[in-house]
Amino acid sequence: MVPIAYYLVLSAILFSIGVAAFLIKRNIITVFMSIELMLNAVNLTFVAFTRHWSQVTGHLQVNGQIFVFFVMVVAAAEAAVGLAIIIAVFRARNTLSVDQIDLMKR
Amino acid sequence: MTDLHLWLIPLVPFAGFLVNGLLGRKAPKPVVSAVALIGALIPMLQVSALVWNYHALTLPHVETLGAWIAAGAFHADFSFLLDQLTLVMLCVVTGVGFLIHVYSVGYMAEEEGYWRFFAYMNLFLFFMLTLVLAENFLLMFVGWEGVGLASYLLIGFYYTKDSAANAGKKAFIVNRIGDVGFLLAMFLLIAHFGTLSFGQVFAKIAADPTLQGGVLTVIALFLVLGATGKSAQIPLYVWLPDAMEGPTPVSALIHAATMVTAGVYMIARTHVIFDRSPLALSVVAIIGCATAFFAATIGMAQTDIKRVLAYSTVSQLGYMFLGCGVAAYTAGIFHLVTHAFFKALLFLAAGSVIHALSGEQDMRVMGGLRKKIPVTFWTMTAAVFAISGFPPLAGFVSKDEILYQAFVSSNPAGKILWAVGLFTAGLTSFYMFRLWYLTFFRESRLEQAHVHDREDHGAAVHARKDSKITVEAEHHAHPVHESPGVMLIPLMILALLSVIGGWMGWPEGLGGSNWFAHWLNPIFATGASASPAGSKSLELALASISTLIAVLGWFIAHLMYFAKPELPARLAHQVRAIYALVKNKYWVDEIYGALIVTPVLFIARYVLAALIDRGVIDGGSLAVGYSAQGFGALVARIQSGNIRSYAGWLALFAALLLAASYFGWTAHFWVR
């Protein structure tokens, strides 16, 4: 039986990597991937807690897993829309660097 | 006669004002005149009916239309008062007012803004009648301010002319100074008596014989300040001569016969207060006497026919103040009435002269008009003799009554007041005959003046002309002509009144019955106003002296302006310092300008406008705006459009939040 803390630490490490990558990377596709990484770090926490909670209460708890499905659906939708936007942006501006895509400044 | 419908008296002219003011612009002139004349005629008829049914009246009669202001125990109503004094004023205002309306139809016939003129005239009547009829100080104040407004509008009637617009402003502003006094007096009355109703205030004073001087003196002096503003007395008389910028009928109605007498009426109306304050009465007497004298001296050296009459008005108002100041209110009111007759006549006749000369006002270029405009001449002659105090004309009776009352009054300075008043009567006679001779006698100086003007490229003409028909005067299109009948009939009626109007107050000392004084007795008999004992022989002697003085004034004027016309210039040269002093009106305007107007303008311009308004108020609001803008600009730099910087901020604050919750700050931070 692996203690829950292990899962949480792993999740935190994954999430931090995601955040760091998001902040550091300029390529928009890499940024996109780091978002996926953060989402999946959270997903890992959800399933870890589901299992932990089922053990503590003695019967099955599925709330966390249902959340994970939601996250996956949203992530899939986001990937579809996001990639489409990326392609559109690349066609328009011929670059994928987020530092050059700053039309929204004041 | 229980229901007198007094409210109709002021409201009919107001209706005339509304009709002419709102619809008059498009209406043809006859319609405008008809509306205005009806607006002046109906009140006159109603007042006539009141006089006719005098014996059926129970005076004083108070008519309350409804509550106006009610605050706690204090309340002021829309209520009108009718008593003998009101009735006198009503007769003067509506009678002279109507005559001047008739005259104006002829005088203003060719003016732009005919409808505007008559709308303002009716508005004036509305406010003046409100002032006269009011039963409390507050309603009187409404009329008081309203006549000031009408006066302002009519002085500035030729508003495209700079001097007229400025004269209007001057009149308005100087009157405001007096109004402060009136307001303060009202505040004190509320504080001490809790009411502004004439009846209640006077009843409370009457019920308390210990109430002498003190607060009553203060109230009375504030009322005097108000009266000096409205009635053009020292120190606030300066607006009246400038008010001559208005059309001549306005000068006659507002600035001679009615509005300027409001101060005298106010003092007479509140005589119960003054009776308890010998100090305030003395102030009134001294102000009146000094004003009468100074204005008369200024009047001697003026060359504009209307300005002479303006200073004469100030001087005669001084006599009325003198009368009130020696507690001879009847004499003051009597002089008010006779003055309304002959001064209105003088102005209207002067207007007729100006009309005849197509706008010329300078007496130096008049002359020889006696044969050319005979009706104007003869009516003017009646007025000149009346104001100069020749028996048995109106001015003699009333002025002599005032001088007599001053002589026998209990005031320790009574004899001095009498002497100054007497000397002023001589001056009055002199400057009136000076005007008479310069205008009507010898040969006309008009032609040579116009030749001279043309050499000056007409600049002098412009400087001197009433804006009336300036163009015509320049081209000299009209020869000297007598005015139309619509102007002459009012002149003749007023001339008749100037001759016989004084007979109703013919003093008992001279074999009359002084019916006027007996009639006003119910108002003034209370308190100190009961006339002190004099003897018939004394009254006869004083009357003889003042008649002699008037004749002397006439004689000197005859000598200087008829027999030896080169004499005035030589005399003026010999006493040129005094002449310059008088000619320049003692430089009072300049002194006021330097002492009051300039500092006030300085403060207004540089302290209030530049420092307070632009600095503090504008600066403050701008500072708020700019600081918000600056802070916004600072914060806006966060919105860089760069996703990574957003993410950085997000991560940073998320981390801070996490740290905060981890170290247990949250609970403290938010709950507290």
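Residues are numbered from 1 along each chain as its sequence is written, and chains are lettered from A, with ligands numbered from 1, in the order in which they are written. As the model is predicted, local features need pLDDT of at least 70 and side-chain atom pairs count only at pLDDT 80 or more, while totals for chains, interfaces and linings use all residues.

Chain B holds 29 helices and two strands; helices (H or I, at least four residues) and strands (E, at least two) are DSSP runs, numbered from the N terminus. Its C-alpha atoms fill a box of roughly 115 × 70 × 55 Å along the principal axes. Of the 672 residues in chain B, 49% are buried; here a residue is buried if 20 or more other C-beta atoms, placed from the backbone, lie within 10 Å of its own, exposed if 12 or fewer, and partly exposed in between. Counting contacts in chain B between residues at least 6 apart in sequence, 80% join residues at least 24 apart, where a contact requires C-beta atoms, placed from the backbone, within 7 Å.

Turning to chain A, its elements run α-α-α from the N terminus, with three helices and zero strands in total. The C-alpha trace spans about 55 × 25 × 25 Å along its principal axes. The radius of gyration of chain A is 18 Å, whereas a compact globule of 106 residues would have a value near 13 Å; the radius is taken over C-alpha atoms, and the globule rule is 2.2 Å times the number of residues to the power 0.38. Buried residues account for 10% of chain A, and 49% of its contacts between residues at least 6 apart in sequence join residues at least 24 apart.

Next comes the packing of the interior. A nonpolar core is a set of buried Ala, Val, Leu, Ile, Met, Phe, Trp, Tyr and Cys residues joined through C-beta atoms within 7 Å. The largest has 211 residues, of which Ala344(B), Leu345(B) and Ala383(B) touch the most other members. Helix α15 (residues 329-356) of chain B supplies the largest share of this core, 19 residues. Leaving aside residues up to four places away in sequence, Leu345(B) touches Thr379(B), Ala383(B), Leu491(B), Leu494(B), Ala495(B) and Ser498(B). Another core, of five residues, lies apart from it and includes Val19(A), Phe22(A), Ile28(A) and Val98(A).

Where the chains meet, ten residues of chain B are in contact with ten residues of chain A. Helix α28 (residues 643-662) gives the most to the chain B side, with five residues. Helix α27 (residues 588-636) of chain B has a kink of about 40 degrees centred on Ala594(B), the bend being the angle between axes fitted to the seven residues ending at a residue and the seven starting there.

The peptide bond from Leu59(B) to Pro60(B) is cis, with omega near -10 degrees, and Pro60(B) sits in the loop between α2 (29-52) and β1 (61-71). A cis bond also joins Pro391(B) and Pro392(B), with omega about 5 degrees; Pro392(B) belongs to the loop between α16 (374-388) and α17 (394-408). Asn94(A), in the segment after α3 (63-93) of chain A, has a positive phi near 60 degrees, and counts as exposed because it has 8 C-beta neighbours inside 10 Å.

Terms used
Two residues are in contact if their C-beta atoms, placed from the backbone, lie within 7 Å.
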